[in-house]
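Please read it with the coordinates open.

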Amino acid sequence: MRPIIMATVIKAAPKVGMVSLGCPKALVDSERILTKLRADGYGLSPDYAGADVVLVNTCGFLDSAKEESLEAIGEAIAENGRVIVTGCMGNEADVIRARFPDVLAITGAHQYEAVVSAVHEAAPPTRGAFVDLVPEGGLKLTPRHYSYLKISEGCNHSCAFCIIPSLRGKLASRRIDAVLREAEKLVSAGTKELLVISQDTSAYGVDTRHEPREWQGRQVRAHMTDLARELGLLRTSDGIAPWVRLHYVYPYPHVDDVIPLMAEGYLTPYLDIPFQHAAPDVLKAMKRPANDAKVLERIRKWRSIAPDIAIRSSFVVGFPGETESDFEYLLNWLEEAQLDRVGAFRFEPVDGAQANDLPNPVPEEVKEERFQRIMAKTAAISAAKLAAKVGHSIPVIIDEIGDVDEDGSIGATGRSQADAPEIDGHVYLRDVASSLKSGDVVLVNVEDADEHDLFGVVA
C-alpha cells in the first residue's frame, strides 16, 4: 500500500500596490514600508487591479505637490477602492478625509509601524516560511545598481519658505553603525552607486553629539566626514568602490573636509548644496542657515583640491521682497560661481510657511520672467561646461540599454559622475556591445554635447 502524502495548501498572500510621490527621502520611506510588508508575507502588485490594498505615499511640501497627491489618491480610490494614505500630507488628514471619506487610514511621514498596522488591518497577512521572503538589501523602487541611503530624519532649521520641520520633525540622526550596515548590505546586493540623503546631510550627528559606535573593529563618529570616509571603503563583489554622492549638503565649514576625500577617491566628486539664493537681503528674509559671504572663495578652493568636482544647487526666484537688484545679484553670482547643475523654482506659498506673511509679494508675471532668465543663464553655463568635455574620456554608469536598431546597432543611456539620477543630465551612447548591462561603469569618449547632456561611445 502506497503511503498517503498530505499536500499543504498555501493560501495566496495578499498583495499591496504602492504609489510613491515626492522626493528621494519619501522613496526611501516607501522602500522601507514595502520591505517590512514583504517580510510579513505580502506580495506586491504592479497595478491597481491585482492589489488587495493600495498605499499612496504623499508629498506635502508645495500646494502643487499636495494637489498631485490628492489626484493620486483619487485615482487609487477610483481604480481600486481600498486605499491607505501616508507621507508628508498625512499631517492634513482632515483635508484628505473631506475629499475622500472612504480612505481606510491616514498616517504621517516616516510612521512605518502605523502604516504596516493599517495594512495588516485592511488585508491580514498570510504567515509561513514559504511567503516570508525578502531579498538581501530589502525591496527597492529604484534600479538595482543605485540606492538612496537616508542618514537622518527631520531638520533643525526654520527657513521661511519651508514646512519640513512641521511635517517631519526635528533632526533625528540614525546610528552610524546602522547606516554603514545598511550601505554594506546594499552594495553586497548589487548597488554600484550610493546616494546619501537627508534634510540636512551636513548636520548629521549634531543631535547625538556625534556619538561614536564600533564598526569593523574601530570607533566611528556619527559625522558627515567619518561617514563619507567609511562609505568610500566599501567594495562591490568584484572589488570595485561604489560611487558615493552627497546630497542636501549645507555649506557649513566642515564641508571643506570632505573635498579632499573626493580628490582621494573616497567620494564621487559631486556636491549637492541647496543655496536657494545669493542676495544677502533675500537670504536673510529666507532665514537661511550658513549664509557665508565667502562661499565663492570656498568654491574656488574646492575646485583647486578636486578639479573634477561637480556642484549642483537649486534656487528660488520671486521670493517676497526680491527686487530686480537682488535678482541681478543672483545672476552675477551664478556667472562667477559657474555651478555645473542648477534647478530653479518660482516661489510658491505653502500653508503654514512664515514667508506667506512677508510684505512685497512678487507678481506672477515677474516671477515667470525671472524664472526664464535664470534658466537661460544656467543653461548657457551648463552648455559651455559640457562642451569642454568633448574630446575627453570620462567614467559613465549605465542606466538603460536600448533595443537593437534596424541596422543592428545598440544604444545606451548612462550618467557621468556629474549626474545624479532623475535630477541631472544623461550620457547617450551609440554602438554599445550587446554584453553591456545596467550598472556597468565604462570609460566613454565624449563626442558631442548640448545644454544638458553628453553624447559618446565606449572607449
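The points below go through the sheets, helices, cores and cysteines.

1. Ground rules. This is a predicted model, in which local features need pLDDT of at least 70 and side-chain atom pairs count only at pLDDT 80 or more, while totals for chains, interfaces and linings use all residues. Residues are numbered from 1 along each chain as its sequence is written, and side-chain values use heavy atoms, with hydrogens and water left out.

2. The five-stranded sheet. Helices (H or I, at least four residues) and strands (E, at least two) are DSSP runs, numbered from the N terminus. Two strands pair if DSSP finds at least two bridges between them. Five strands make an open sheet in the order β2-β1-β3-β4-β5, with parallel pairing. The edges are β2 (43-44) and β5 (105-106); each has a single partner strand, so one side of each has no neighbour in the sheet. Two bridges link β1 (residues 15-20) to β2 in the parallel sense. Val16 sits opposite Leu44 of β2.

3. Helix α2 (residues 63-79) lies across β1, β3 (53-58) and β4 (83-87). Its angle to β3 is about 175°. Here axes are lines fitted to C-alpha atoms, for helices over the stretch in contact, and angles run from 0 to 180 degrees between N-to-C directions. Contact means heavy atoms within 4.5 Å.

4. Cys59 is in no disulfide, and its nearest cysteine sulfur, that of Cys88, is 6.0 Å away. Cys59 is buried, at a relative accessible area of 17%. Cys88 is buried too, at 8%. Buried means under 20% relative accessible area, exposed over 50%, and partly exposed in between (1.4 Å probe, protein chains only).

5. Nonpolar cores. A nonpolar core is a set of buried Ala, Val, Leu, Ile, Met, Phe, Trp, Tyr and Cys residues joined through side-chain atoms within 4.5 Å. The largest has 52 residues, and Leu231, Leu271, Trp333 and Leu339 touch the most other members. Beyond four places in sequence, the contacts of Leu271 include Leu246, Val249, Trp302 and Ile311.

6. Leu267. Where is Leu267 found? Leu267 is in the loop between α8 (259-263) and β13 (270-272). Leu267 is buried, with a relative accessible area of 4%. Leaving out residues up to four places away in sequence, Leu267 touches Ala228, Val244, Leu246, Val258, Leu261 and Met262. Its C-alpha atom is 10.0 Å from that of Leu194, 73 residues apart along the chain.

7. Helix α10. In α10 (residues 295-305), the buried residues are Val295, Leu296, Arg298, Ile299 and Trp302. They span an arc of only 160° around the axis, which puts them on the same side of α10. The arc is that of the directions from the helix axis to the C-beta atoms. Their cover includes α8, β13, β14 (310-317) and α11 (324-337).

8. Strand β20. Strand β20 (residues 454-458) runs parallel to β18 (residues 427-429), joined by three bridges. Tyr428 has Phe455 as its bridge partner in β20. With β19 (residues 441-449), β20 pairs in the antiparallel sense over five bridges. Val444 stands opposite Val458 in β20. Four residues lie between β19 and β20, which form a hairpin.

Definitions and conventions: A disulfide is a pair of cysteine sulfur atoms within 2.5 Å.
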